[in-house]
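Please give a short report on the structure shown below.

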Amino acid sequence: MNIPGDDFYTLITQALQRRGAETLQRTLYRALREAILSGRLQADSRLPGSRLIAQQLAISRNTVNGALEQLTLEGYLLRNRQGTRVAHLAHCHAGQSSQALDITLARRVANLPAPTPRGTPVPAFTPGTPAINYFPLPLWRRLYDRVLREEGSALLGYGLPAGELTLREAIARHLALSRGIQCDASQIVITEGALEGVSLCTQLLSETGDIAWIEDPGYAGAKSVFAKSGLTMVGLPVDEEGMRLETHDHSPKLIFTSPSHQFPYGSVLSINRRLALLEFARQHNAWIIEDDYDSEFRYSGELVPAMMGMQENAPVVYLGTFSKTLFPSLRTGFMVLPKALARAAHPAIGSLLRGGHRAEQRTLALFIEEGHYARHLAAMRRLYRKRYRQLREALAAELHIPHRVLAGEGGMHLTVAIDGVDDKAIVQQARAFQLAPAALSGYYLDTKQGQTGLVLGYGNTSASQFAPGIRRLQTLITQWQGERG
């Protein structure tokens, strides 16, 4: 096992000297990540201890440990009692030119005609619902009134099919800072939530009968869209490293994944699997649909970078939504297309979409540009982190049947695996008590063969409801077991 020598410290020292406005921890993380991806730090190389690295670089040991822990979370490093070593990563071809992408639009959209310019109380534990009572509604109203005052009737027409330019520009700047995605407004399409983005991907990039790989268990909305589009779905199992890439007889046209926070398991797709998936997609002319679900709400370490930002011209369509970060009825999401695909799809987008919601989109653009969005995300991250820990405590104190908590430290839900129960029946009974967890088995392709359990949303559920809600679920499960005992 190789141990890096003096050139290791020279490399890191040079990066730290060039760090600019970044923190020392972020700079160290980037330098080590680039050294691993470029092969300068080879697989199985053992890194010096964090104390020695800190001494040699004259920086805090906490800074070093923070960078190493983030790299370990993403799968670049392996850490145990024997030390820290570089993981084996899949071979990849980063930085391919845009000409290398084979852009072939589906026949049903390639021949489209030329485009013509053109809320209630939420039960406890409902997954996917943010803390809407914490949204700064008076501020939003002031921004909305300002937009109407300045723009007036000019906003009453359809607008651009791809959405308001000001919002797309604001999203591009936000993604560059928060998700590591370098794009411009021409690559962004505003959608009515992430689900419309999935639908557009199927229309642009697949034909009836094509194969789509999906996470199993996974997002039910994507399955619904693929089924309506006549795609053949193949489920890929999920574990603590996210979706497992497995060999099948027929290659997919679309691969749907939520790598930053898998729903419902909560796992993070490791760097090794990300690179393998990107390379597979390139080799088989497949498209990855990256649903960046709940990426903004991570409670330990730094935000995990998006797959789309990992390689230039990656075969990835990125999906995001404001329905989870702001409020559901906003129904505003977006998709980011690689440049070559954005150019090819531009006429079809004009035929498939009509624009609209212009005042809301302009308001959202102001909300982002003036820093309100970043502040709201920070406030919600603190709130959800607290609720996450409180729900874990309530589960430990009140749920006495054997169970496993699967979802990681992030997002707005916890998944509790409970073997051998009829989770659908329990969920149905819970509704009579104003509780709305989801049945874990319902997220599998074969709902009769999947793991059973409960998906507990805590985004819009106050901590005061946790203990009594868990006690009620404990009672319902115990009653069900007694009836069948």
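The report covers the annotated region, the sheets, the aromatic contacts and some backbone details.

**Basis**

This is a predicted model, in which local features need pLDDT of at least 70 and side-chain atom pairs count only at pLDDT 80 or more, while totals for chains, interfaces and linings use all residues. Residues are numbered from 1 along each chain as its sequence is written, and side-chain values use heavy atoms, with hydrogens and water left out.

**The annotated region**

The UniProt record, an unreviewed entry, places the annotation "domain: HTH gntR-type" on residues 22-89. UniProt positions are given in the numbering used here, feature names are shortened, and annotations may be inferred rather than shown by experiment. The span of residues 22-89 is 53% helix and 15% strand, and its end C-alpha atoms lie 26 Å apart. Helices (H or I, at least four residues) and strands (E, at least two) are DSSP runs, numbered from the N terminus.

An open sheet of 3 strands is ordered β1-β3-β2, with antiparallel pairing. The strands β1 (46-47) and β2 (77-80) are at the edges with a single partner strand each, so one side of each has no neighbour in the sheet. Helix α4 (residues 61-73) packs on this sheet and touches β1 and β2, and its direction makes about 110 degrees with that of β2. Contact here means heavy atoms within 4.5 Å; axes are lines fitted to C-alpha atoms, for helices over the stretch in contact, and angles run from 0 to 180 degrees between N-to-C directions. Two strands pair if DSSP finds at least two bridges between them. β2 and strand β3 (residues 83-86) are joined in the antiparallel sense over 4 bridges, and Asn80 has Gly83 in β3 as its bridge partner.

Gln70 belongs to helix α4. Gln70 has a relative accessible area of 2% and is buried. The term buried means under 20% relative accessible area, exposed means over 50%, and partly exposed lies in between (1.4 Å probe, protein chains only). Leaving out residues up to four places away in sequence, Gln70 touches Tyr29, Gly301, Glu302, Leu303 and Val304. Asp44 sits in the loop between α2 (24-38) and β1, and at 27% relative accessibility Asp44 is partly exposed. The C-alpha atoms of Asp44 and Leu78 are separated by 9.0 Å, although the two residues are 34 residues apart along the chain.

**Other strands**

β4 runs antiparallel to strand β11 (residues 333-336), with 4 bridges between them; Val189 has Met335 in β11 as its bridge partner.

In strand β13 (residues 413-417), 5 of the 5 residues are buried, so the strand is largely enclosed by the rest of the structure. His413, Thr415 and Ala417 cover one side of β13, with Leu414 and Val416 on the other. β13 pairs antiparallel with strand β12 (residues 404-405) over 2 bridges and with strand β15 (residues 453-457) over 5 bridges.

**Aromatic contacts**

A search of the whole structure finds 17 aromatic pairs. Rings of Phe, Tyr and Trp (its six-membered ring) pair if their centres lie within 6.5 Å; planes under 30 degrees apart count as stacked, over 60 as edge-to-face and the rest as tilted. The ring centres of Phe125 and Phe466 are 6.3 Å apart with planes at 15 degrees, so this pair is stacked. Phe125 is in the loop between α5 (107-110) and α6 (137-151) and Phe466 in helix α15 (residues 466-483), so the pair ties together parts 341 residues apart in sequence. Both Phe125 and Phe466 are buried. Ring pairs also link Phe135, Trp140, Phe327 and Phe367 into a cluster.

**Backbone details**

| Item | Value |
|---|---|
| Asp216 to Pro217, cis | omega near 10 degrees |
| Phe263 to Pro264, cis | omega near 10 degrees |
| Ala58, positive phi | about 60 degrees |
| His357, positive phi | near 50 degrees |

Ala58 is in the loop between α3 (50-57) and α4, and is exposed at 68% relative accessibility.
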